[in-house]
Amino acid sequence: MQGDGAAAAGAAPAGRLDLAGAARLETRYDAELRFRELRGPVAGLVSAALVALSAFHYYTAGFGILTEHWHKSIHLAAVLALTFLLFPTRRPPPGPRIGGVPLLDWAFAAAVAAAAIYLPVVFDELTFRIGMPNATDVVMGTAMVVLTLEAVRRAMGWVLPAIVLVFIAYALLGHRIGGVLSHPGADWEGFVNHVYLTQEGIFGIPAKVVATYVFHFVLFGVIATRMGLGQFFIDLASVAAGRYPGGPAKVAVVSSALFGSISGSSIANTVTTGSLTIPAMKKIGYRAHFAGAVEAAASAGGQITPPIMGAAAFVMIEFLAIPLTTLLVAAAIPALMHFWGVFVQVHLEAKRLGLRGMSEEELPRLWPTIRDGWPTVIPLVLLVGVIVEGYTPYLAAFWGITACIVVGFLNPRNRLTPKDLWYAFDVGARYALAVGAAAAAVGIVVGVVTLTGAGFRVGFMVTQAAASTAEMFRPLIALLPADVASVQGLTLFLTLVFVALVCVVMGAGIPTTALYIVLAAIAAPAVVQLGVPPLAAHLFILYFGILADLTPPVCVSAYAAAGIAGANPFRTGLTAFRLGMAKATVPFVFAYAPVMLVVIEGFTWGDFLVTTLTCAIGVAALGAGLTGYAFTHMGPFSQALLVLAALLLIAPSGPLSITGFALLAPVVAVNWLRASRRRAPAAPA
């Protein structure tokens, strides 16, 4: 497999993206894109349905979203029905097939579409019978719940449906549980009424966000890449960073940051930019697992990089009821810290190994790059401009997609053909199927939380456990500063650690968006109760959910990068986790010092600069300690001192930062003097 991946990646001409090869690699490593082979007229029919679904979202974004219940129902009917047609089961059912699709799957597709459309058809009548569903309501609701879980199982595996089933069992049997988690319980009829007939379940916020925001931005990213914006970003990164030591690795970091701003997907980012950067890194001397890890770690930043980010970002703005611009500003500095941490380690590794940069012959030239590629930036600039002006995100996506089409058809150097546009609309809809099905399933979890009050119950349990643990350790930390040594401070720290661990563990089995929605409902209240602003609490959960993409044993981005590099996946994952350590430390900074997010009440430039600069220095020191190089090679004792100094600097506390500087300064000074002596010419005899 690894050799095949490397071959596929190397099939493109040097320096040019092979989008077809990247798509094949993405399908191999992303379970959400493993579609069944369709045959004959059915293949064309399904492709036309996918294109029609994309066209529906594109048209309504620009010319008016339908009434909310109709818009969500049409979206879910199409997404879930197409999921049954495109995602096979591991053991195909016996019996006849039509175009490669078993008759049972055709029946499931028709049934789930009917259950989704039933709701808006009887919407006016529901005003008089919500809380008292009739037999038809219960049958349709039961079909919707069961078929939604089956659709998600096909698209993502058993983990997410199993979690949803646990919540369903809790809703139905919670009255038999003692203690804090006990609640009055609900019968099946009441459960179906809540998660199907109201806006608190399947048709709730997650489905609304995917139907009105996520689908449009996924489509924008696909078309923007198709018309050349991804290639322009890679060329620009090569011009800016390629000539310096370890050039291809620095190009990987910069290009992944730029490309991630439009893709919002760790795996898509990895296989697209990695198909170029990983072979180049190996060529100049980076080891295979390190080359794959660099790309995986950098690409994992795509879901936290404005302006597109990932699907979870749009769910967040709905949960918090904030403008998208607020989230984009808040996410900018933490995302920059992540890429800064990877960049520092890449640079120090290159210096440690004595690696060269890219030669002039290997680099694109600045003026031809700008001349050929500047038109591809117009759609992104227009999209950001519309958002900044305060218009809705879906209208911004509409104008961004429109600009992509216009620029693509008019640009003589990278012309978009009607066939390319059809392909983009087809692929954009395919990318949205799994996340759309997951949003419907996770809506059931949100419905159970609102039905039972589980969010506050779980939050109370977490904070109580953290407070009890803090009391146990109080005598051991009496010498630390008061803001850390207080019971409240330690309780917050332990709560954040507990939530982070849950995010990483659960993130190994379910995608980031679904994980964020579940934990935003049950874990975020615990963090907010301890005084963390809601925006910081939700970003904390998002960061650690994304970190699962780099955390062995289930690190999908690292596996994809290892396939391209021909490296051991587990070793690649461990190295990627080390390179992405900033993503594991920075969330604690903005949880304790939300001033880093800028758009927080009480923001001052002084606090912001101190917090951000000490964090940036700490991230760089952490990279040096983990790499074992700062001006020269270091021993284990110096590495340990640098790591300790880095953690103290990253911690947003004045006394701790001063202590960190006191530890950092002598290590850096000694290393600098040692390096200077080695470089100095010998005195004549």
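Hi everyone, let's start with V386, which is buried, at a relative accessible area of 11%; buried here means under 20% relative accessible area, with a 1.4 Å probe and protein chains only. This is a predicted model, where local features need pLDDT of at least 70, side-chain atom pairs count only at pLDDT 80 or more, and totals for chains, interfaces and linings use all residues. Residues are numbered from 1 along each chain as its sequence is written, and side-chain values use heavy atoms, with hydrogens and water left out.

Now, on to cavities. On a 1 Å grid over the protein atoms alone, a cavity is a set of points where a 1.4 Å probe fits but cannot get out, and lining residues have an atom within 4 Å of a point. The count is 1 cavity of 30 Å³ or more. Which residues line the largest cavity? They are G341, Q345, R578, L579, M581, A582, V619, L622 and G623. Elements giving two or more residues to this lining are α16 (324–353), α28 (569–579), α29 (581–592) and α30 (605–627). The largest share, 3 residues, comes from α30.

Conventions: Buried means under 20% relative accessible area, exposed over 50%, partly exposed in between (1.4 Å probe, protein chains only). On a 1 Å grid over the protein atoms alone, a cavity is a set of points where a 1.4 Å probe fits but cannot get out, and a pocket is an open set with protein on both sides within 12 Å along at least five of seven lines; lining residues have an atom within 4 Å of a point. Grid points are joined across faces, edges and corners, and a volume is the space filled by probe spheres set on the points. Helices (H or I, at least four residues) and strands (E, at least two) are DSSP runs, numbered from the N terminus.
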